[in-house]
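Biologist: Could we go through this model together? I would like to begin with the charged side chains and then move to other topics.
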Amino acid sequence: MSPFHHDSMVAEPVSEIPANNLDLLCRYSELDPDWGEAIWHPDGQMAIFRTPWNDLHLTTQRCPSTGANVMARGILGDATIDGQRVETIACPLHKEVYRLDTGANLAGTGASLAVYDVRVVGDWLYLGPRR
Ligand code: FES
């Protein structure tokens, strides 16, 4: 079940949430592999991805192409760039493809997707600085 399902949110004991939670995103164990989740944050909507290779990536939910808040429903994939495998996310609307490590638009013509570091503290994931 998704960690963002209403019942699991209600069942979450408040005492388990760390006191300094302004940048708290979610728990790693709540993320399904090969899937993205939308997360509300005071600075704006975010999208977090646990890839098929169990890597974590955090981006803004907003696609730079049109401003639509859709990136968490994007399609995870990878590409080979300069001989190296790079994980990617394709926007679900018009299929612009972005690198998840830098946010660069693979077509090289559009704006970049904002990407952020994820700070890991035990099972808790926090918003880190923008890359
Ligand atoms: S809204 Fe993302 S590519 Fe068009």
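Biologist: Is glutamate 87 buried or exposed?

Modeller: In this predicted model, glutamate 87 is buried, with a relative accessible area of 7%.

Biologist: Which side chain meets glutamate 87 in a salt bridge?

Modeller: That is arginine 85, with an N to O distance of 3.6 Å. Arginine 85 is partly exposed, because its relative accessibility of 44% falls between the 20% and 50% limits.

Biologist: What else is linked with Arg85 and Glu87 in a network of salt bridges?

Modeller: Asp78 is linked with them in that network. The closest N and O atoms of aspartate 78 and arginine 85 are 3.6 Å apart. Aspartate 78 is partly exposed, at 39% relative accessible area.

Biologist: How many salt bridges does the count come to?

Modeller: The count comes to 4. One of them joins aspartate 101 to arginine 99, where the closest N and O atoms are 2.7 Å apart. Aspartate 101 has a relative accessible area of 30% and is therefore partly exposed.

Biologist: Let us return to aspartate 78. Which side chain has a polar atom 3.4 Å from the backbone nitrogen of aspartate 78?

Modeller: The side chain of threonine 88 does. Threonine 88 lies in strand E6 and is buried, with a relative accessible area of 5%.

Biologist: What does threonine 88 touch, not counting residues up to four places away in sequence?

Modeller: Threonine 88 touches Ile75, Leu76, Gly77, Asp78, Ala79, Val97, Tyr98, Arg99, Leu100 and Leu106.

Biologist: A change of topic, to the histidine at position 57. Where is histidine 57 found?

Modeller: Histidine 57 is found in strand E4, which covers residues 56–60. Histidine 57 is buried, with a relative accessible area of 8%.

Biologist: Which backbone oxygen lies 3.4 Å from a polar atom of the side chain of histidine 57?

Modeller: The backbone oxygen of leucine 100 lies at that distance.

Biologist: And what is histidine 57 in contact with, leaving aside its neighbours within four places in sequence?

Modeller: Histidine 57 is in contact with Ala47, Ile48, Phe49, Thr51, Glu87, Leu100 and Arg131. Glu87 in that list is the buried glutamate with which we began.

Biologist: Now the cysteines. How many disulfides does the structure hold?

Modeller: The structure holds 0 disulfides. Cysteine 63 is buried, at 1% relative accessibility, and cysteine 91 is buried as well, with a relative accessible area of 3%.

Biologist: How many cavities of 30 Å³ or more does a search of the whole structure find?

Modeller: The search finds 1 cavity.

Biologist: What about phi at aspartate 82?

Modeller: Aspartate 82 likewise has a positive phi, of about 55 degrees, and is not a glycine. Aspartate 82 lies in the loop between strand E5 (75–81) and strand E6 (84–90).

Biologist: Why does aspartate 82 count as exposed?

Modeller: Aspartate 82 counts as exposed because its relative accessibility is 79%, and the exposed class begins over 50%.

Biologist: Finally, the overall arrangement. How many helices and strands are there in the protein?

Modeller: There are 1 helix and 9 strands. From the N terminus on, the elements run α-β-β-β-β-β-β-β-β-β.

Biologist: What percentage of the residues count as buried?

Modeller: Of the 131 residues, 37% count as buried.

Biologist: Among contacts between residues at least 6 apart in sequence, what percentage join residues at least 24 apart?

Modeller: Among those contacts, 40% join residues at least 24 apart.

Notes: Residues numbered from 1 in each chain as written. Predicted model: local features only at pLDDT ≥ 70, side-chain atom pairs only at ≥ 80, totals over all residues. Heavy atoms only, no water. Buried < 20%, exposed > 50% of the residue type's maximum accessible area, 1.4 Å probe, protein only. Helix = DSSP H or I, 4+ residues; strand = E, 2+ residues; numbered from the N terminus. Polar contact = N/O pair within 3.5 Å; in protein donor to acceptor, adjacent residues only side chain to side chain. Contact = heavy atoms within 4.5 Å. Disulfide = S-S within 2.5 Å. 1 Å grid on protein atoms, 1.4 Å probe; cavity = no way out; pocket = protein on both sides within 12 Å on 5 of 7 lines; lining within 4 Å. Points joined across faces, edges and corners; volume = space filled by probe spheres on them.
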